[in-house]
Amino acid sequence: MQIEIRVQVEDFSLQAEAERLRAVALDTGALVTFTGLVRDFSEGKTVEGLFLEHYPGMTERSLQTIADEAATRWPLHAITIIHRTGRLDAGQQIVFVGVTSAHRQAAFAACDFLMDYLKTRAPFWKKSYSPEGEHWVDAKDSDLDAATRWE
Amino acid sequence: MIKVQFFASLRETLGTAAVEIEADGVADVNDVLDRLVATWGSHWEQVLRHEKVLMAVNQQVADRRAAVADGDEVAFFPPVTGG
């Protein structure tokens, strides 16, 4: 079982990350990836970009804890979680979660679980920039509801 | 000394990312809050005792009753919005 956690300013290559995950084990039959992008709208308003803040140290530890939890729930071969920080413009990649397993059910479920827990447990905060100004994004109840599915 | 950090909207509202407080007389997060309010005023009380504010001790999510000792790192932050 391989777990890779990265919190970084730099962009990432979906293709390169998928290939690294694929290379971990030859009995891997499924590779599921999720890539989150910065949308150009939110709550009916135009979004020019986001600023992502994190808690250095705690953020990495909490992502590791979430990945460890996924590894106990499903028979996985590898997990990669990448989250970008700093200023990101609309259309850019913000988060990557990739999971491999022998079969697709475990890989799909684990990827879904990882994103739900990442959104509600990992210390990241988004500030949104629009033509009207800037504001810190409020946490959504729908994200909390999604995460409770796994309890 | 105890290092206290603030993130995101709390950091901006309080105007600082981190402060240090003396560990004498501090046993839990509630004592940390009392010390911060006594030092920086009631504005900090309104911001930090807000029901939605989350807290961590040594980078683990905690509550106001969590123990705090000399050398610990305490943090206050709003609900998370990553992903």
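Predicted model: local features only at pLDDT ≥ 70, side-chain atom pairs only at ≥ 80, totals over all residues.
Residues are numbered from 1 along each chain as its sequence is written, chains are lettered from A and ligands numbered from 1 in the order in which they are written, and side-chain values use heavy atoms, with hydrogens and water left out.

**View 1. Where chain B meets chain A.** Here 20 residues of chain B are in contact (heavy atoms within 4.5 Å) with 25 residues of chain A. Together the two chains bury about 1800 Å², 55% of it on carbon and sulfur atoms; buried area is the accessible area (1.4 Å probe) that two parts lose on being put together, summed over both. Look for Gln59(B), Thr81(B) and Gly83(B): they supply 38% of the area that chain B buries against chain A, more than any other three residues.

View 2. The rule finds two salt bridges between chain B and chain A, a salt bridge being a side-chain nitrogen of Lys or Arg within 4 Å of a carboxyl oxygen of Asp or Glu. Glu12(B) makes a salt bridge with Lys127(A), their closest N and O atoms being 2.6 Å apart. Helices (H or I, at least four residues) and strands (E, at least two) are DSSP runs, numbered from the N terminus. The largest share, four residues, comes from α1(B).

View 3. Leu114(A) sits in helix α3 (residues 104-121) of chain A. Leu114(A) is buried, with a relative accessible area of 0%; buried means under 20% relative accessible area, exposed over 50%, and partly exposed in between (1.4 Å probe, protein chains only). Leaving aside residues up to four places away in sequence, Leu114(A) touches Ile66(A), Ala67(A), Ala70(A), Ile79(A), Ile81(A), Val97(A) and Val99(A). Among the buried residues of α2(A) are Ile66(A), Ala67(A) and Ala70(A).

View 4. In helix α1 (residues 14-22) of chain A, Glu17(A) and Arg20(A) lie three residues apart, about one turn of the helix. Their salt bridge has its closest N and O atoms 3.5 Å apart. Glu17(A) is buried, with a relative accessible area of 6%, whereas Arg20(A) is partly exposed at 42%.

View 5. Lys127(A) is buried, with a relative accessible area of 5%, and forms a salt bridge with Glu134(A), the closest N and O atoms being 2.7 Å apart. Glu134(A) counts as partly exposed, at 47% relative accessibility. Ser128(A) lies in strand β9 (residues 124-130) of chain A and is buried, with a relative accessible area of 4%. Not counting residues up to four places away in sequence, Ser128(A) touches Glu134(A) as well, along with others including Val47(A), Leu50(A) and His135(A).
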